[in-house]
Protein chains: 2
Amino acid sequence: MKKIDVCFSPELLHLYDLQHRVVVVVDILRATSCITAGIACGIKSIIPVASLDECKKLQQQGLLAGAERDGKKAEGFDLGNSPFDYMDDRLRGKTIAMTTTNGTQAIEGAKNAYQIVIGSFLNLSTLVNFLSTQERDLLVLCAGWKGKFNLEDTLFAGALVENLLEHFESEDDAALAAGKLYLLAKSDLLSFISNSSHVNRLKRLNIEKDIEFCLKPDQFEVIPILQNGQLIKLDIVNHLG
Amino acid sequence: MKKIDVCFSPELLHLYDLQHRVVVVVDILRATSCITAGIACGIKSIIPVASLDECKKLQQQGLLAGAERDGKKAEGFDLGNSPFDYMDDRLRGKTIAMTTTNGTQAIEGAKNAYQIVIGSFLNLSTLVNFLSTQERDLLVLCAGWKGKFNLEDTLFAGALVENLLEHFESEDDAALAAGKLYLLAKSDLLSFISNSSHVNRLKRLNIEKDIEFCLKPDQFEVIPILQNGQLIKLDIVNHLG
């Protein structure tokens, strides 16, 4: 049977063999929720970069650029890290550069994977359907918070583990723990994570609306996939089977 | 209020400031259970070393030496990594050298801490009583398995978090998750971890008896503490208050 593992931090990624795996990158609050929402709402592609400098360079070359550090929009950029920033009709058909505290670093760290797709609650069922047809082992990579474990990414990893039980087994305690936590939390994700460290950080920034939205399952039927350094909409029909 | 954090892997230890903290090193299956049992049963001191070579050298200098790699006793050493090995009357008053796959590496990694103590279910209540009187922040360091998250160490970390709620608060999602998992598991730890990766590894080695023992709370009223590179029995009375 195919395997699903969960990696709780990009700092642990070197312990996994990525080359033959599909890696699902997860940064629920908020990078991968932004990417999912943006690609679903018509952004043509998103170029994830690790540093503010690289992002600035792409902006100077004429791209719109989103940048967040420590939960806040970085100065001098066009977009922050709210999914609503990325659901703007004016972005339709455009290519956007993006850098965030954790999410885009995680994508960068996983670049040796066979394939990288983007996961969030917003595209949970679509992603589960797609992954269930894949022939390769999976690794769910939680972006975490500056290298540390975080709860919301773990719960999403657990949602994948639990929803893929028929197709993938886990040997890893991280997958087991994530699954147990998800089952405990799933009836009310918002209240379960209301004491989490990142939610407390974000509450101070007055973005409860973002948090609520990022925890809503199945708002969009897209899967962002990394191709040639750009996140684009996966052509699901041709990738199934 | 003082803080308690949980670090799920020695690979994440660089993300924490250790200098001013008391670090509890945890390797339930089985290094810190062995150390607790051994010190309780009269071993005078245990010298934890990271490599087989160092352990061999100490053995050649005349010490008894315990060594485990991948769950098995390493060839040419006197003791393996079963707590029953360390509860032998013939070890009373002796100094033992010890190296294991994960536990002694974790101790080595935490050496910059203000203080290092050893935790296991076997000395849970004694440890909780002692820690509750400490004036410094705590870090619970899970030894994990070769750098990866593991369930049994996490459950013990959660037991500390939950039992120290009156004295320590956590800002960390890892502490929150460990606490939730412990509450879920505590009525029957053995069956909760029966599907964990390490238990499956150990089952293949026929050491169910060790596993059962290592999950038993409060068998001993000792706290091993690291002093000058040696784990000795903490003089609890003089350290309280």
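Over the face of which residue does B:Lys148 lie? The residue is A:Tyr16, and B:Lys148 lies at 4.2 Å from the ring centre. The legends below describe a predicted model.

**View 1. Lysines over tyrosine rings in chains A and B.** B:Lys148 is placed over the face of A:Tyr16. A:Lys148 has its charged end over the ring of B:Tyr16. The distance to the centre of the B:Tyr16 ring is 4.3 Å.

View 2. The whole structure holds 11 aromatic pairs over all chains. One of them joins A:Phe8 and A:Phe149. The geometry is edge-to-face, with 4.9 Å centre to centre and 80° between the planes. A:Phe8 sits in the loop between strand 1 (2-7) and strand 2 (22-26) of chain A, and A:Phe149 in the loop between strand 8 (138-142) and helix 5 (151-163), so the pair ties together parts that are 141 residues apart in sequence. Both A:Phe8 and A:Phe149 are buried.

In chain B, the ring centres of B:Phe8 and B:Phe149 are 4.9 Å apart and the planes are at 80°, so this pair is edge-to-face. B:Phe8 lies in the loop between strand 1 (2-7) and strand 2 of chain B. B:Phe149 lies in the loop between strand 8 (138-142) and helix 5 (151-163), so parts 141 residues apart in sequence are tied together. B:Phe8 and B:Phe149 are buried. Ring pairs link A:Phe8, A:Phe149, B:Phe8 and B:Phe149 into a cluster.

**View 3. Nonpolar cores and the surroundings of B:Phe121.** The largest nonpolar core has 96 residues. Those with the most contacts inside it are A:Phe121, A:Leu160, B:Phe121 and B:Leu160. A second, separate core has 56 residues. Among its members are A:Leu91, A:Leu231, B:Leu91 and B:Met98.

View 4. B:Asp27 is found in the loop between strand 2 (22-26) and helix 1 (31-40) of chain B. The residue is buried yet has no salt bridge. The nearest side chain of opposite charge belongs to B:Arg30, 7.9 Å away. A salt bridge needs nitrogen and oxygen within 4 Å. Beyond its neighbours within four places in sequence, B:Asp27 is in contact with B:Thr32, B:Ser33, B:Thr100, B:Asn102, B:Gly103, B:Ala143 and B:Asp153.

View 5. In chain A, the peptide bond from A:Leu29 to A:Arg30 is cis, with omega near 10°. A:Arg30 is placed in the loop between strand 2 and helix 1 (31-40) of chain A. In chain B, B:Leu29 and B:Arg30 are joined by a cis peptide bond, with omega about 10°. B:Arg30 belongs to the loop between strand 2 and helix 1 of chain B.

View 6. A:Lys3 and A:Glu171 form one of 3.9 Å, N to O. This pair links distant parts of the chain, 168 residues apart. A:Lys3 is in strand 1, and A:Glu171 is in the loop between strand 9 (168-169) and helix 6 (173-185) of chain A. A:Lys3 is partly exposed at 24% relative accessibility, and A:Glu171 is exposed at 51%.

A:Asp70 meets A:Lys146 in a salt bridge of 2.5 Å, N to O. A:Asp70 lies in the loop between strand 4 (64-69) and strand 5 (72-73) and A:Lys146 in the loop between strand 8 and helix 5 of chain A, so the pair ties together parts that are 76 residues apart in sequence. A:Asp70 is partly exposed, at 41% relative accessibility. A:Lys146 is partly exposed too, at 44%.

In chain B, the side chains of B:Arg90 and B:Asp88 meet at 2.7 Å, N to O, in a salt bridge. B:Arg90 is exposed, with a relative accessible area of 66%. B:Asp88 is partly exposed, at 23%.

View 7. A:Asp218 has phi near 60°, a positive value in a residue other than glycine. Its place is the loop between helix 9 (208-214) and strand 10 (224-227) of chain A. A:Asp218 is partly exposed, with a relative accessible area of 39%. B:Asn228 is not a glycine, yet its phi is positive, about 50°. B:Asn228 lies in the loop between strand 10 (224-227) and strand 11 (230-233) of chain B. B:Asn228 counts as exposed, at 82% relative accessibility.

Methods
Residues are numbered from 1 along each chain as its sequence is written. Chains are lettered from A and ligands numbered from 1 in the order in which they are written. This is a predicted model: local features need pLDDT of at least 70, side-chain atom pairs count only at pLDDT 80 or more; totals for chains, interfaces and linings use all residues. Side-chain values use heavy atoms; hydrogens and water are left out. Helices (H or I, at least four residues) and strands (E, at least two) are DSSP runs, numbered from the N terminus. Buried means under 20% relative accessible area, exposed over 50%, partly exposed in between (1.4 Å probe, protein chains only). Lys and Arg count as positive and Asp and Glu as negative; His and the chain ends are not counted. Contact means heavy atoms within 4.5 Å. A nonpolar core is a set of buried Ala, Val, Leu, Ile, Met, Phe, Trp, Tyr and Cys residues joined through side-chain atoms within 4.5 Å. Rings of Phe, Tyr and Trp (its six-membered ring) pair if their centres lie within 6.5 Å; planes under 30 degrees apart count as stacked, over 60 as edge-to-face and the rest as tilted. A charge sits over a ring if NZ of Lys or CZ of Arg is within 6 Å of the ring centre and within 35 degrees of the ring normal.
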